[in-house]
Amino acid sequence: MLNDIIATLLTVGGVGFVNFMVTEQLGTVNLYKDSNQARLGYSLIWSIVDFSIYLLAKNLLSSYLQGDMLLIVVMLITLVGAWLLTYLLAWPLHDLLFTLYSKKAAQHKSKDFLIDNQSVLESTLGIEDKETTVYVYDFEHNPLGYGILSEYSTDENNSCIRVDPFRDPDGETHLQYSYDDLMLKIQSETYQEKYDTRQFIDFKHRFIIIVAIEDSES
């Protein structure tokens, strides 16, 4: 009896880490940015799934195995089953909830609902299959770097991006525009027709990113 209790606690509690690991790797949650309340609620939901696998496996195998062997096999099945179900269901559940909540928010004309774990920086920079040009400045408008966005950090406590050198359409290279010159450039009608422009301001780390994404329709 004691072994059953210990095995149940160890299995369900330990497998919860597997749930988190898989969902974090898939990008549906972020272990470092989600609040403690969100992590607790998420853990409870997946614990129900894990415990259901544990009970189902134990009931099905109890006629064939007994004692510690039964517990060991059931624990292994729960571990594998939890990994597989999390892998298969993490994104479908994420997309389903996003669709349902967004639809309800639209009906009540409320603000856009975001159920994913994207930060403001990620939603600003995260444009797939499009060349994104970035210009970075500090709060005194001193240039910090510019180029084609290659990678960026998703850790809000350690903000950093990687950019690759680029040339202007006319083939000429130049030093980074001053902040004022760049603001005038991106506000021009010609530039606006060609690029989708955004500005990200990080008040914590005190930097500004000007983002220009080429408009495929232009």
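R162 is partly exposed, its relative accessible area coming to 44% (partly exposed lies between buried, under 20% relative accessible area, and exposed, over 50%, with a 1.4 Å probe and protein chains only). Its side chain meets that of D164 in a salt bridge, N to O at 3.9 Å; the term stands for a side-chain nitrogen of Lys or Arg within 4 Å of a carboxyl oxygen of Asp or Glu. D164 is partly exposed too, at 31%.

The model is a predicted one, so local features need pLDDT of at least 70 and side-chain atom pairs count only at pLDDT 80 or more, while totals for chains, interfaces and linings use all residues. Residues are numbered from 1 along each chain as its sequence is written, and side-chain values use heavy atoms, leaving out hydrogens and water.

By the salt-bridge rule, the count comes to three. Besides R162 and D164, there is D196 with R198, whose closest N and O atoms sit 3.3 Å apart. Both partners are partly exposed, D196 with a relative accessible area of 32% and R198 with 26%. The remaining pair, R206 and E140, has its closest N and O atoms 3.6 Å apart. This one links distant parts of the chain, 66 residues apart: R206 belongs to the loop between β4 and β5, E140 to the loop between β1 and β2 (143-152). (Helices, H or I of at least four residues, and strands, E of at least two, are DSSP runs numbered from the N terminus.) E140 counts as exposed at 53% relative accessibility, whereas R206 is partly exposed at 44%.

As for the strands themselves, β4 and β5 run antiparallel and are joined by eight bridges (two strands pair if DSSP finds at least two bridges between them). Here D202 stands opposite F207 in β5. β5 pairs with β1 as well, again in the antiparallel sense, over seven bridges, and T133 faces A212 of β5 across that pairing. Seven of the eight residues of β5 are buried, so the strand is largely enclosed by the rest of the structure.

Now for the inside. The largest nonpolar core has 13 residues, and those with the most contacts inside it are Y135, Y137, Y179, L182, I186 and I210. Such a core is a set of buried Ala, Val, Leu, Ile, Met, Phe, Trp, Tyr and Cys residues joined through side-chain atoms within 4.5 Å. Two or more residues come from each of β1 (132-138), α5 (179-186) and β5 (207-214), with α5 giving the most, four residues. L182 touches Y135, Y137, Y177 and I210, leaving aside residues up to four places away in sequence (contact means heavy atoms within 4.5 Å). Apart from this core lies another, of eight residues, including V134, V136, L149 and F207.
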